Amino acid sequence: MKAARHFRPLPPELAAIQADMEKWALQYGLDFFTTIFEVVDADQLSAIAAYGGFPTRYPHWRFGMEYEQLSKGYHYGLQKIYELVINNDPCYAYLLASNSVTDHKLVMAHVYGHCDFFKNNAWFAHTNRKMIDGMANHGNRIRRYMDRFGVEEVEAFIDACLSIEDLIDINSTFIKRSNDDSRFEFQSATGESEQDRVQATRFQSKSYMDRFINPPQALADELADQRRIVESRQQQFPSEPTRDLMLFLMHHAPLKPWQLDVLSILRDEAYYFAPQGQTKIMNEGWATYWHSTIMTRHAIEPRDLICYADHCAGTLAGSATRLNPYKLGVELFRDIEDRWNRGAFGEEYEQCDDRVARENWNRDTGLGRKKIFEVRRIHNDLTFIDEFLTLDFCRRHRLFKFGYNNNSGYYEIESKQFEEVKKQLLFNLTNLGRPIIYVRDGNYRNRGELFLEHRFAGVELKLTYAQDTLANLFRIWKRPVHIETTLEGKVATVSFDGKEHQLTRPEETIRLPGPGDVLVTN
């Protein structure tokens, strides 16, 4: 393939290992795109990882920052990237040159699990399978804009767009929410809104007779009536709240052609990466399941055992402070396989309340392997946890919910109740754990102002983040922007008009300190 010519061929020993791993993966029924491996050194791998796996991506300062973090982490012995694989057809994967032969075996088996997941999971079905070429195209277009309009101007606009890259509708690839709104005309060429152009009827008169011929109260009443008529004519815009803020801005923000193109590029990339966030637990669990199966049954030689066990223990290690997606994912897949092999599912099993009988349940149905392939095909992390996380699994793996105790100043266990643990997991996975925000009105107050709505679900917005995001939105929208949320149990609106931030509650309006303000308290 054309793209493959840029890759250096593997050394004969690694090429033979790849052939073996691919053969065993196919024997187990994995179905993947052609997979191309390349060996790179630690600095090269850090650079590729900093670009999200795409070395031809557009230039931006944040990629340099990511590289410095990854590179120093490796050289200081704090972290190590064992593998990197790209959702593409063909799939591209990178091997770290300093890895041992055992590590290369494990990584190749792991990569084939990822490649099978990319190809067959429904949440990846709409992703661009030629994204290597797409990213190169994006990079070339943005470089041309930088050459023409200046690096600083283009980077500043990219910064503004990146602050809202999470404000997309991750389910819209499967559901058509509504017809696209046509472009809305906010104002005339002079910059006046229709409300501003409304005038009361004045009759010509001498100055000393004006208050009698044009009574002020009559003019005010007429002006109010006309404004009410204009306001009643205003169409609801958008016709219903929409989650894809980036698409809304593409349709309606007053952008230059190059800005519109940059925004569309960043939106395309946000939708490309979204399924990886939606399936992190499943994807890593699936790949870990298959590298474990292939290595333990086929690929391990006596000399590999200690190295393999050590690295697997590190990858699957639990933690008292965070959830390990590799561990949770692979253990859930193993639990599903075991339950469906024993027939431990269905109405009869669910109604059994004898713990010993449930643990020893065995109908020899042998459906485990078929079931996990079905789960891999149709679920994402949210539905995966909702459907297959059980009370028995939580007990066996000692899952618990923890939170910050303001009195002690420490994070402490809050609950070991199954319902609370599952609820917290699902809450963290909903919308990738990020706030759900809708565009409610693109012509707020009939002034062309943008009004957003935060669907409060128990966690407040961080005000400093909200302020910075509104400032970046103002740069794109070029009119005042607002977001309605809930703070301290009360509905509040945070606004930015290009000069200052305001917080409005039913009982008060206060000015919020900006990024450069210094607060002095007694």
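Biologist: Which residues lie nearest the centre of the second largest pocket, and how many residues line this pocket?

Modeller: Please keep in mind that this is a predicted model. A pocket is an open space, and one may begin with the residues around it. Here the second largest pocket has a lining of 35 residues, and Asp166, Arg434, Pro435, Leu461 and Tyr465 are those nearest its centre. The space in this pocket amounts to about 970 Å³.

Biologist: Which elements give two or more residues to the lining of the second largest pocket?

Modeller: They are helices H3 (61–75), H6 (151–162), H20 (418–429) and H21 (463–477), together with strand S7 (449–454). Of these, H21 gives the most, with six residues. Sorted by class, the lining of the second largest pocket has 17 nonpolar, nine polar and nine charged residues.

Biologist: How many cavities of 30 Å³ or more does a search of the whole structure find?

Modeller: A cavity differs from a pocket in that a probe fits inside but cannot get out. The search of the whole structure finds two cavities of 30 Å³ or more. The volume of the largest cavity is about 70 Å³, and that of the second largest cavity is about 40 Å³.

Biologist: What lines the largest cavity?

Modeller: Its lining is made of Ala42, Leu45, Ser46, Leu70, Tyr74, Gln79, Lys80, Ile81 and Leu96. Helix H2 (42–50) and H3 each supply at least two of the lining residues, and H2 has the largest share, with three. By class, six residues of this lining are nonpolar, two are polar and one is charged.

Biologist: Let us turn to helix packing. At what angle do H1 and H4 pack?

Modeller: Helix H1 (residues 12–27) and helix H4 (residues 101–120) pack at about 40°, and their axes are 10 Å apart. Because of this angle, H1 is oblique to H4. The crossing of H1 past H4 is right-handed.

Biologist: Which residues make the contact?

Modeller: H1 contributes Glu13, Leu14, Ile17, Gln18, Met21, Glu22 and Ala25, while H4 contributes Val101, His104, Lys105, Met108, Ala109 and Tyr112. By class, this contact of H1 with H4 has eight nonpolar, two polar and three charged residues.

Key:
Residues numbered from 1 in each chain as written. Predicted model: local features only at pLDDT ≥ 70, side-chain atom pairs only at ≥ 80, totals over all residues. Heavy atoms only, no water. Axes fitted to C-alpha atoms, helices over the stretch in contact; angles between N-to-C directions. Helix = DSSP H or I, 4+ residues; strand = E, 2+ residues; numbered from the N terminus. Parallel < 35°, antiparallel > 145°, perpendicular 65-115°, else oblique. Left-handed = near helix turned anticlockwise from the far one by under 90°. Contact = heavy atoms within 4.5 Å. Nonpolar A, V, L, I, M, F, W, Y, C, P; charged D, E, K, R; others polar. 1 Å grid on protein atoms, 1.4 Å probe; cavity = no way out; pocket = protein on both sides within 12 Å on 5 of 7 lines; lining within 4 Å. Points joined across faces, edges and corners; volume = space filled by probe spheres on them.
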